[in-house]
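Reader: I am new to this structure and would like to learn how to read its features one by one. Could you take me through them slowly?

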Amino acid sequence: MKNLLSAHAVLRAVTFATLTLVGGVSTAQAQDVKGDVAAGQTKAAMCIGCHGIPGYRASFPEVYQVPMISGQTPGYIVSALNAYQKGDRKHPTMRGIAGSLTEQDKADLAAFYASHGEGAAVAAAAQPSGAVAELLTKGACAGCHGDNYNKPADPNSIPKLAGQPADYLYAALRSYKIEGNANVGRANAIMGGQVKQFKDTELKAIAKYLSSLPAELSVKPNAKFR
């Protein structure tokens, strides 16, 4: 057991170091551009049709609830938009939207959505079952996504996960396994290596647990949809 824990500690360190190196350029660029919350609120008109409706489900290329982005870290929001722009994330709608954004647009949107989580305080996470705990340990998940899965080790490249819809989390995790599909899939060497260890049923179990946790994330409905 001691050797196993040591191995996971090494894996977490290597994973974080690699993520930092891979995201170094985009992180530096994001820090050079300061986001404006008020400007982001105006620019979010293109986002609210999906991310501003509680329980809204995407219908193509897969059906699942869209992720909550209110309260997400600004650096991660920019990082995700960059991944869609580069084609590392394949979702057609998000690629089309992200492709139209400037660096300032991305920074403003990130600042706006991150501002929704300011001052958020949530309860401690419930402990997972023994089986799920083993899966989380195997994936070294907390090493990157942090305490209660709300405190990412590198907020410029790693998201908060707690409370996200289970069907979205499952689709996102499984997407790292998918290759050669123009509409579905995510290219990330670290996440790909981690996720490919698991059966789909195990990914569903992980997603279900993470979804049950108290979240700093939320959906902030727009007045147009109330």
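Author: Let us begin with a pair of helices: α10 passes α12 in a right-handed crossing, where right-handed means that the near helix is turned clockwise from the far one by less than a right angle, and left-handed that it is turned anticlockwise. Helices here are DSSP runs of H or I with at least four residues, numbered from the N terminus. The model is predicted, so local features need pLDDT of at least 70 and side-chain atom pairs count only at pLDDT 80 or more, while totals for chains, interfaces and linings use all residues. Residues are numbered from 1 along each chain as its sequence is written, and side-chain values use heavy atoms, with hydrogens and water left out.

Reader: At what angle do the axes of α10 and α12 cross?

Author: Axes are lines fitted to C-alpha atoms, for helices over the stretch in contact, and angles run from 0 to 180 degrees between N-to-C directions. The axes of α10 (residues 166-175) and α12 come within 8 Å and cross at roughly 135°. That makes α10 oblique to α12, since angles under 35 degrees count as roughly parallel, over 145 as roughly antiparallel, 65 to 115 as roughly perpendicular and the rest as oblique.

Reader: Which residues of α10 and α12 make the contact?

Author: Contact means heavy atoms within 4.5 Å. On the side of α10 the contact is made by Ala166, Leu169, Tyr170, Leu173 and Arg174, and on the side of α12 the residues include Leu203, Ile206, Ala207 and Leu210.

Reader: Where does UniProt place the feature "binding site"?

Author: The unreviewed UniProt entry places this feature at Cys141, Cys144, His145 and Met191, and such annotations may be inferred rather than shown by experiment. These positions span 51 residues in sequence, yet no two of their C-alpha atoms are more than 12.0 Å apart, so they gather at one spot.

Reader: Is histidine 145 buried or exposed?

Author: Buried means under 20% relative accessible area, exposed over 50%, and partly exposed in between, with a 1.4 Å probe and protein chains only. Histidine 145, found in helix α9, counts as buried at 9% relative accessibility. Among the residues that histidine 145 touches, leaving out those up to four places away in sequence, are Asn150, Lys151 and Pro152.

Reader: What does alanine 215 touch?

Author: Not counting residues up to four places away in sequence, alanine 215 touches Val122, Asn150, Ala162 and Gly163. Alanine 215 lies in the segment after α12 (200-212) and counts as partly exposed at 27% relative accessibility.

Conventions:
Helix = DSSP H or I, 4+ residues; strand = E, 2+ residues; numbered from the N terminus.
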